Amino acid sequence: MSITITAFERSPDGGKGLARDTRVRWALEEAGQPYAVRLLSFGAMKEAAHLALNPFGQIPTYEEDGLALFETGAIVFHIAQRFAGLLPVDAHARARAITWMFAALNTVEPPILDLFTARILEGDKPWAAERLPLVGDRVRSRLRQLSARLGDADWLDGAFSAGDLMMVSVLLRARSSGILAEFPNLAAYVARGEARPAYRRAFAAQLAVNTAPPPG
Ligand code: GTB
């Protein structure tokens, strides 16, 4: 069995863990599975060979013995189902951990992505100053709810799971706005995720790609 994922040849964040291959690397590290990485330029992502793997021309993708997947949610879910270490054995606890994966991607991530777009991609637009507070408050509202649920627990539902992996990954994207720091228990939750040896290996691997001198 061999696993190959795709990642940016040069990530816009310089390999600081924000590109989504980090989530897949992290899941594979938690599961103790070795993997190879095929690095792609923005151009190569839009070519036929990659579009056959991901119709949207994006990274990451995942290949394993004839199986090809795209979408980090589906990939991490597959890894968590296939290998031990990311989902509880108890059926109810497993279903709840999967629920947290969906909550991260469908309920918490959308306002965080809107904020990232408003701040970084549309920050110079004439409407930006008016829109930013609205978008920021939508993130605050979600994080307030999540913070209340987490309370002083280490993880969202008992032991660390793929639900936490996804939620920490999503929250990391909110850190540069300063809003994550308004919720100390969530900031500590993210720090706990980042401190996991598997996360550190995933982060280091992505950073190494982006700090390596260009070939030739
Ligand atoms: N829903 C898909 C998934 O979850 O897999 C979304 C995949 C996706 O957005 N991929 C991005 C991509 O391939 C890279 S991760 N973009 C290239 C393109 O669309 O042409 C998003 C990302 C990129 C860069 C940063 N950054 O530098 O801060 C953060 C996140």
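**The ligand shell and an aromatic cluster**

Good morning. By class, the shell around the ligand comprises 7 nonpolar, 2 polar and 5 charged residues; here Ala, Val, Leu, Ile, Met, Phe, Trp, Tyr, Cys and Pro count as nonpolar, Asp, Glu, Lys and Arg as charged, and the others, Gly among them, as polar. Please note that this is a predicted model, in which local features need pLDDT of at least 70 and side-chain atom pairs count only at pLDDT 80 or more, while totals for chains, interfaces and linings use all residues. Residues are numbered from 1 along each chain as its sequence is written, and side-chain values use heavy atoms, with hydrogens and water left out.

I begin with the ligand. Of the 14 residues around the ligand, those that come nearest are R20, K46, I59, E71 and T72; a residue is near if one of its heavy atoms lies within 4 Å.

Next, the polar contacts, each a pair of N or O atoms within 3.5 Å. The side chain of K46 places an N or O atom 2.6 Å from an oxygen atom of the ligand. For T72, a polar side-chain atom is likewise 2.6 Å from a ligand oxygen. The protein buries 81% of the 680 Å² that the ligand exposes when taken alone, with areas from the Shrake-Rupley method and a 1.4 Å probe.

I turn now to the aromatic residues. The whole structure holds 7 aromatic pairs, that is, rings of Phe, Tyr and Trp (its six-membered ring) whose centres lie within 6.5 Å. The W155 and F160 rings are edge-to-face because their planes stand at 75 degrees, with centres 5.0 Å apart; planes over 60 degrees apart count as edge-to-face, under 30 as stacked and the rest as tilted. W155 is buried at 12% relative accessibility, where buried means under 20% relative accessible area. F160 is buried too, at 10%. Ring pairs join W155 and F160 with W26, Y189, Y199 and F203 in a cluster.

Methods. A polar contact is a pair of N or O atoms within 3.5 Å; within protein, one must be able to donate a hydrogen and the other to accept it, and residues adjacent in sequence count only if both atoms are side-chain atoms. Buried means under 20% relative accessible area, exposed over 50%, partly exposed in between (1.4 Å probe, protein chains only).
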